[in-house]
Amino acid sequence: MTRYLIAGAAGMLGRDLQDALSDRDVTAVDRSELDITDLAAVQKAVTGHDVIINAAAYTAVDAAEENEAAAYAVNAIGPRNLAIAAAASGAKLVQISTDYVFDGTGSTPYPEDTAIDPLNAYGRTKAAGEQFVLTENPAGSYIVRTAWLYGAHGPNFGRTMLTLAAGRDTVSVVADQFGQPTWTVDLARQIVAMLDADAPAGIYHGTNAGQTNWFGFARAVFANAGLDPDRVLPTDGRTFVRPAPRPSYSVLGHDAWSAAGLAPMRPWTEALEDAATHGAFTPS
């Protein structure tokens, strides 16, 4: 029987991975139970497992600008340690990465083999994690890049929008940053499908299909909640200046799924409707 280890299991994706693997032999650990920056601890934890899924990450994008060393420890050294341990034990490793490894200046979906060129500290640390994994365990690792994640088990953009809607007539949302809203339930299921199919090792883009901007995402959240989407007003990124620059175009291509004989993830609009009915955006 295949034994799975999920690191970062308490997060939004980690919780949905546990659900997607509920009929399997799974060890789920959070950062209090496994410090992935500790190689000895990682080697001990990985022993006896056949598949390691690393959903642990330093995801505070703005804080990473001032704390790049801390982000690097989790996003680069952690994956390196997991890759070393996986290679030694013959286990497969799934490393969750991000669209932030690209600079966001594109205008067509980024193929999986596009050269990485991150524009902020968070992106640099995640890119370093990718490179460590591909160096330490190239034949047994999957890099799954994702973006604009939302799910029921954590704070998310849609929930924030509905919370704001309850207290004000209109909400201003940036319309000059494009990407793919991605439901963590869909991503978790896609990762399991990839593993079950014994897909070739390599880089995959785990985002729901299609594209929109944050303004369009917010309008869809409003509409699915039965609210007037015209209450969402467009603005641009200059309105919300933050420490870390954001990529303006984060749309990822999905050719690797087809090459592996797997269907890409469904359109983001379909996923959002499903997520809304399952309470992913219900304000807490």
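Which residues do ring pairs link into a cluster?

**View 1. The ring cluster.** Trp-148, Tyr-150, Phe-157, Trp-214, Phe-217, Trp-268 and Phe-281 are linked into a cluster by ring pairs. Rings of Phe, Tyr and Trp (its six-membered ring) pair if their centres lie within 6.5 Å; planes under 30 degrees apart count as stacked, over 60 as edge-to-face and the rest as tilted. The whole structure holds 12 aromatic pairs. This is a predicted model: local features need pLDDT of at least 70, side-chain atom pairs count only at pLDDT 80 or more, and totals for chains, interfaces and linings use all residues. Residues are numbered from 1 along each chain as its sequence is written, and side-chain values use heavy atoms, without hydrogens and water.

**View 2. Phe-157 meets Phe-217.** This aromatic pair is tilted, at 4.8 Å centre to centre and 35° between the planes. Phe-157 lies in helix α6 and Phe-217 in helix α8, so the pair ties together parts 60 residues apart in sequence. Helices (H or I, at least four residues) and strands (E, at least two) are DSSP runs, numbered from the N terminus.

View 3. Phe-217 counts as buried, at 1% relative accessibility. Trp-214, at 19%, counts as buried too. Buried means under 20% relative accessible area, exposed over 50%, partly exposed in between (1.4 Å probe, protein chains only).

**View 4. Helix α6.** Among its buried residues are Phe-157, Met-161 and Leu-162. Their cover includes β7 (171-174) and α8 (214-224).

Conventions: Contact = heavy atoms within 4.5 Å.
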